[in-house]
Amino acid sequence: MPAISDQDMNAYLAEQSRMHINEFNSMSSLSEIYSYVGKYTEEIVCALEQDDAARKQRLSFKLEQVVAFMSLES
């Protein structure tokens, strides 16, 4: 198959997004993200601690707070 240009891909994705705009479920998406974060917390925290911008914003600490809070809620 021939390669698709970035412009064509962006146009396709934008159209798909418009077609399915009412199908997005925020709570389901957040649940999926939380499941992923729960499974890979250590790796994500490690990556955040190694990134300068993430360190300046204390993202690893904030993520650990979210995970701890969500663990209390479950």
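The exercises below work through a predicted model.

**Exercise 1. Confidence**

Find the mean pLDDT of the protein, and state which helix has the lowest mean value and which the highest.

Solution. Start with the protein: its mean pLDDT is 91, and 97% of its residues reach 70 or more. Then go through the elements: helix α4 (residues 59-73) has the lowest mean pLDDT, 90, while helix α3 (residues 52-56) has the highest, 96.

**Exercise 2. The aromatic pair**

Search the whole structure for aromatic pairs and classify what is found.

Solution. The search gives 1 aromatic pair. Its members are Y36 and Y40, with ring centres 4.8 Å apart and planes at 45°. Stacked needs planes under 30 degrees apart and edge-to-face over 60, so this pair is tilted. Next, consider the positions: Y36 and Y40 are 4 residues apart in helix α2 (residues 26-50), and therefore about one helical turn separates them. Finally, Y40 has 30% relative accessibility, so Y40 counts as partly exposed.

**Exercise 3. The annotated span**

Describe the residues that carry the UniProt domain annotation.

Solution. An unreviewed UniProt entry annotates residues 1-44 as "domain: Plexin cytoplasmic RasGAP". In the model, the span of residues 1-44 is 75% helix and 0% strand. Its end C-alpha atoms lie 36 Å apart.

Technical notes: Residues are numbered from 1 along each chain as its sequence is written. This is a predicted model: local features need pLDDT of at least 70, side-chain atom pairs count only at pLDDT 80 or more; totals for chains, interfaces and linings use all residues. Side-chain values use heavy atoms; hydrogens and water are left out. Rings of Phe, Tyr and Trp (its six-membered ring) pair if their centres lie within 6.5 Å; planes under 30 degrees apart count as stacked, over 60 as edge-to-face and the rest as tilted. Helices (H or I, at least four residues) and strands (E, at least two) are DSSP runs, numbered from the N terminus. Buried means under 20% relative accessible area, exposed over 50%, partly exposed in between (1.4 Å probe, protein chains only). UniProt positions are given in the numbering used here, feature names are shortened, and annotations may be inferred rather than shown by experiment. pLDDT is the predictor's confidence in each residue, from 0 to 100.
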